[in-house]
Amino acid sequence: MIDYVDVVAGLCWGDEGKGKIVSHLCSQGNYDIVARWGGGSNAGHTVFIDKKKYKTHIIPSGIFHGVKSIIGPGCVLHPESFFSEIQYLEDNGFDTSLIKVSPYCHIVTDDHISFDKNNLAAKLGTTGKGIAPCYASKAARTGILAKDVLEEKFIWDEKLKGKILCEGAQGVWLDINQGLYPYVTSSETLPHAACSIGFPIQKIRNIWGCAKIYDTKSGKDPRFPKDLLDVPVLKALADLGEEFGVTTGRRRKVNWLNLDLLIKSLQITGSTHLVINKCDIMEELGIFKLFHKELMFFVDISQMKAYIEEHIRRNCPLVNKIIFSSSPEVV
Ligand code: IMP
Ligand code: MG
């Protein structure tokens, strides 16, 4: 029997700190299973455990806390990258026998990766991990399944049960339906898509939406013009926040939080909990701005937080908890 499902989802363009929330929730021992529902090694999760930094791309962050970690049927997996990630986790002392892959997860081939690198990376700013070509093969029903490629020991063959945490990848504005096509990824990033793992939607209890107190974009999007990289104060914010892609090493474009879009993504995800990360970085910068219809200025972080909270409470009745986080390790 499935007791309940909680979902952690990105509310922006990815890189919101979902891995940290998943790791924090798992550290409290509340889950039997952590599962990814979409994407592949295009994702990059940074997690701090006892002040040590770990980076993963495809393996769910529950693995850092000894929780069974499943890569769902909506994900895509490049075997070589998967094995090297397993090696990395083993070298760091984590129990990798807990990692399982759905038999219907699709395999990213080297051809998918070359096509992505040669045809899409420059045009769309993809991560070059073969994501779009792999999902294209899946939709064309010519794809290769994990069950036909991976050793049996990696294949998930149990029934889904107990307390489940679903770990999102990317964010609302990269969703293939809700994002600004074609500047999107090829999977569904909204929390309802977590049901593709194999549970009814009614089992979802909490939806943890995740954002930062400023916006970032890795890769192309006309809403993040290149000149943002040259604005000194935004550059300073990027440096303080170490805004470089975990997967690509690219410098992310940084801009002030777009509160109108955040309200919209809270509404479409039905988030019950909101975590706004990296408030410490904004405090370090000492300049407090956001867009809400127009550019707004605040005297300090508490005034800015109060403003955000007031407008979210007014517009997003499903949100019952708002957490402003200033720590890389805990929520
Ligand atoms: P793709 O998913 O590699 O096809 O890339 C499509 C777009 O999504 C590009 O703009 C990428 O930079 C962006 N993207 C994909 N995965 C992530 C992620 O995990 N974090 C942030 N951006 C991502
Ligand atoms: Mg990331």
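Biologist: Which residues coordinate the magnesium ion (ligand 2)?

Modeller: Asp15, through OD, and Gly44, through O, at 2.4 to 2.6 Å. This is a predicted model, where local features need pLDDT of at least 70 and side-chain atom pairs pLDDT 80 or more, while totals for chains, interfaces and linings use all residues. Residues are numbered from 1 along each chain as written, chains are lettered from A and ligands numbered from 1 in written order, and side-chain values use heavy atoms, without hydrogens and water.

Biologist: What makes an atom a donor to the metal?

Modeller: Donors are N, O and S atoms within 2.8 Å of the metal, or 3.2 Å for Na, K and Ca. At 2.4 to 2.6 Å, Asp15 and Gly44 qualify. Water is not among the atoms, so sites may look incomplete.

Biologist: Why does the pair tie together separate parts of the sequence?

Modeller: Asp15 lies in the loop between β1 (2-10) and α1 (18-27), and Gly44 in the loop between β2 (33-36) and β3 (45-49), so the pair links parts 29 residues apart in sequence. Helices (H or I, at least four residues) and strands (E, at least two) are DSSP runs, numbered from the N terminus.

Biologist: Why is Asp15 called partly exposed?

Modeller: Its relative accessible area is 23%. Buried means under 20%, exposed over 50%, and partly exposed in between (1.4 Å probe, protein chains only). So Asp15, at 23%, is partly exposed.

Biologist: What makes a space a cavity?

Modeller: On a 1 Å grid over the protein atoms alone, a cavity is a set of points where a 1.4 Å probe fits but cannot get out; lining residues have an atom within 4 Å of a point.

Biologist: How do the residues lining the second largest cavity divide by class?

Modeller: Into 5 nonpolar, no polar and 4 charged. Ala, Val, Leu, Ile, Met, Phe, Trp, Tyr, Cys and Pro count as nonpolar, Asp, Glu, Lys and Arg as charged, and the others, Gly among them, as polar. The lining includes Leu228, Ala238 and Arg251, and α5 gives the most, with 3 residues.

Notes
1 Å grid on protein atoms, 1.4 Å probe; cavity = no way out; pocket = protein on both sides within 12 Å on 5 of 7 lines; lining within 4 Å.
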